[in-house]
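Hi,

Here is the structure I promised to pass on.

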Amino acid sequence: MSNQKTPILFIEIEGNDMKNEMRRDAVEVAVQGLNNQKLTSELEVAKFIKKKFDSKYGETWVCVVGSEFGSVVTPMPGHYILFRVGNMSIQLFKLKK
């Protein structure tokens, strides 16, 4: 991730089983993180998103941010989303207890 932020051109939901409000929060928080000049890496953006969701929706959330990655996860039902913001993919899910 470069230090120069680029405008968000599109948002594409690739996988989702969140309710509308939570989905909107996920996209909004991700855009905030990606546009935050103080967050200079994908890891910092992922930590930012995770912290916001742990605080608002209870622990334990996992967030992956990157232009390319693969994963297999078993999230808590109703707590999973995978989406693209510009050229960056964000996977956010709550772990099953």
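Q91 sits in strand β4 (helices, H or I of at least four residues, and strands, E of at least two, are DSSP runs numbered from the N terminus). Before going on: this is a predicted model, where local features need pLDDT of at least 70 and side-chain atom pairs count only at pLDDT 80 or more, while totals for chains, interfaces and linings use all residues. Residues are numbered from 1 along each chain as its sequence is written, and side-chain values use heavy atoms, with hydrogens and water left out.

Back to Q91: it counts as buried because its relative accessibility is 3% (buried is under 20% relative accessible area, exposed over 50%, partly exposed in between, with a 1.4 Å probe and protein chains only). Its side chain makes a polar contact with the side chain of S71, at 2.9 Å (a pair of N or O atoms within 3.5 Å; within protein, one must be able to donate a hydrogen and the other to accept it, and residues adjacent in sequence count only if both atoms are side-chain atoms).

Then there's the largest nonpolar core, with 23 residues (buried Ala, Val, Leu, Ile, Met, Phe, Trp, Tyr and Cys joined through side-chain atoms within 4.5 Å). M18, I49, F53, V65, F83, I90 and L92 touch the most other members. At least two core residues come from each of α1 (20–35), α2 (42–57), β2 (61–66), β3 (75–85) and β4 (88–95).

Finally, E28 is in helix α1 and counts as partly exposed, because its relative accessibility is 47%.

Cheers
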